[in-house]
Amino acid sequence: MVLLTVSGRDTAYVWVGRDTGGQPDPAAVLLRRAGALLLGRPDAEVVLTHDQEGRPVARVDAVTGSVELSVSVSRTAGLVVVAARQAGPVGVDVERIRPLPALALARRWFPPAEVAWLGDRPEAGRTADFLRLWTAKEAVGKALGRGLRGGGLRRLMPPPGLPLRPVPGTELLRVGHPPLGGGLVLAVAARASAQVDVEVVQRPAHGVAAERSASVERTSLPVVVRGN
């Protein structure tokens, strides 16, 4: 049984699971688990749907009305990550650290300030730093309900890390990078004017394989690059 640390603070909760590509959809299983734990109802009563802006939500219906929970999903090879938050919209994105032409991709997609920051970073960790910026942009786009459309890759991000930090140019968005280990980069974003905590409820080490699987990697990065 998974127990959540409920402190009364605005918190985004994160689950990491194996993405087998089978049925039932592992993402749906985790989303219903999140809904059951945070809304206090059985998994079977949790309905997965979308809000008016297209963001996914977990909902339970009762005689007194419906209660919705903001959720977000991301996948990378062999893994699925789910985030849930009661206080407002949340976005999550995960990528595996792997060889990439980090500076070349940054020069094509990112604003000059981020290209300069990345160029000053140690070469050994530059790919991870690039993926931290990329996942931050993805997570923010999901929290906004529009993904990377409308210049999302050009949106300036705060320096990677924790706690969640305000996105430049707005007081209503925060993003940060909870550590996962296992060669993974995780970003969590929230629409909030005040600090949001992050709790990783289920990590790869909790019975979830972190090794690269033989399944097709589902990530936005190759899609955008292939679209060049």
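I take strands to be DSSP runs of E with at least two residues, numbered from the N terminus. The model I am reading is predicted.

**Entry 1. The chain overall**

I began with the secondary structure and found five helices and 10 strands. The chain has 228 residues, and 49% of them count as buried. I then looked up the accessible surface, which comes to about 10700 Å². Carbon and sulfur atoms account for 54% of that surface. For the contacts between residues at least 6 apart in sequence, I noted that 56% join residues at least 24 apart.

**Entry 2. R191 in strand β9**

I located R191 in strand β9, which covers residues 184-191.

I next listed the contacts of R191, leaving aside neighbours within four places in sequence. The partners include the charged residues E53, R55 and R85. P89, A143, L144, L172 and L173 are also in contact with R191.

**Entry 3. Helices α3 and α4**

Two packed helices are described by the angle between their axes and the distance between the axes. I looked up both values for α3 (residues 112-120) and α4 (residues 126-144). The angle is about 150°, and the axes lie 9 Å apart. Angles over 145 degrees count as roughly antiparallel, so α3 and α4 are roughly antiparallel to each other. I also noted that α3 passes α4 in a right-handed crossing.

Which residues meet where α3 and α4 are in contact? From α3 I listed E114, W117, L118 and G119. From α4 I listed R126, D129, F130, L133 and K137. By class, the residues of this contact are four nonpolar, one polar and four charged.

**Entry 4. E114 in helix α3**

I returned to E114, which lies in helix α3 and is one of the residues that meet α4. Its relative accessible area is 3%. As buried means under 20%, E114 is therefore buried.

Which residues does E114 touch, not counting those up to four places away in sequence? I recorded L133 and K137, together with R155, L156 and M157. L133 and K137 belong to the α4 side of the helix contact.

Technical notes. Residues are numbered from 1 along each chain as its sequence is written. This is a predicted model: local features need pLDDT of at least 70, side-chain atom pairs count only at pLDDT 80 or more; totals for chains, interfaces and linings use all residues. Side-chain values use heavy atoms; hydrogens and water are left out. Axes are lines fitted to C-alpha atoms, for helices over the stretch in contact, and angles run from 0 to 180 degrees between N-to-C directions. Helices (H or I, at least four residues) and strands (E, at least two) are DSSP runs, numbered from the N terminus. Angles under 35 degrees count as roughly parallel, over 145 as roughly antiparallel, 65 to 115 as roughly perpendicular and the rest as oblique. A crossing is left-handed if the near helix is turned anticlockwise from the far one by less than a right angle, and right-handed if clockwise. Contact means heavy atoms within 4.5 Å. Buried means under 20% relative accessible area, exposed over 50%, partly exposed in between (1.4 Å probe, protein chains only). Accessible areas come from the Shrake-Rupley method with a 1.4 Å probe; for residues, only the protein chains shown count as cover.
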